[in-house]
Amino acid sequence: MAAKRVCPRCAQDWVHQYRFKADGTRFLLCTECDSLWWPNHSVEVAQAHFLDDVVAARLGVAGNPWCDLVWADVIEPVPDLSPQSARTTTAPDRAGNSGESR
């Protein structure tokens, strides 16, 4: 599991993995200051883009892309598939078996 990174631009939040819903293109995002980094770029202030600018360019709109949209229309967090997050508990079946190994 990769170590969490504090945003180098605002130092207020972690940098999270997101993707565009339309095509699955991944990027890193600070949800506090809306700074965006492409996966092949280093997470530095000089390499940061603003989410609004990237979304506007991808949608082909000028200015604020969020007039008729919200984040959930365009982007989504990439699911964490690490072994720790994959742990789930299961409800017991009718016989009382939980399905977990002991």
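Q: Which ring does the charged end of Arg58 sit over?
A: First, the rule. A charge sits over a ring if NZ of Lys or CZ of Arg is within 6 Å of the ring centre and within 35 degrees of the ring normal. In this predicted model, the charged end of Arg58 sits over the ring of Phe20, 3.8 Å from its centre.

Q: What should I know about the model itself?
A: It is predicted: local features need pLDDT of at least 70, side-chain atom pairs count only at pLDDT 80 or more, and totals for chains, interfaces and linings use all residues. Residues are numbered from 1 along each chain as its sequence is written, and side-chain values use heavy atoms, leaving out hydrogens and water.

Q: How many aromatic pairs does the structure hold?
A: Rings of Phe, Tyr and Trp (its six-membered ring) pair if their centres lie within 6.5 Å; planes under 30 degrees apart are stacked, over 60 edge-to-face, the rest tilted. The structure holds 5 such pairs. Tyr18 and Phe27 are stacked, 6.2 Å centre to centre with 25° between the planes. Phe27 and Trp38 are edge-to-face, at 6.3 Å and 75°.

Q: Which residues form the aromatic cluster?
A: Tyr18, Phe20, Phe27, Trp38 and Trp71 form one cluster.

Q: Is Phe27 buried or exposed?
A: Buried means under 20% relative accessible area, exposed over 50%, partly exposed in between (1.4 Å probe, protein chains only). Phe27 is buried, at 1%. Tyr18 is buried too, at 12%.

Q: What is Leu36 in contact with?
A: Contact means heavy atoms within 4.5 Å. Leaving aside neighbours within four places in sequence, Leu36 is in contact with residues including Phe27, Leu51 and Val54.
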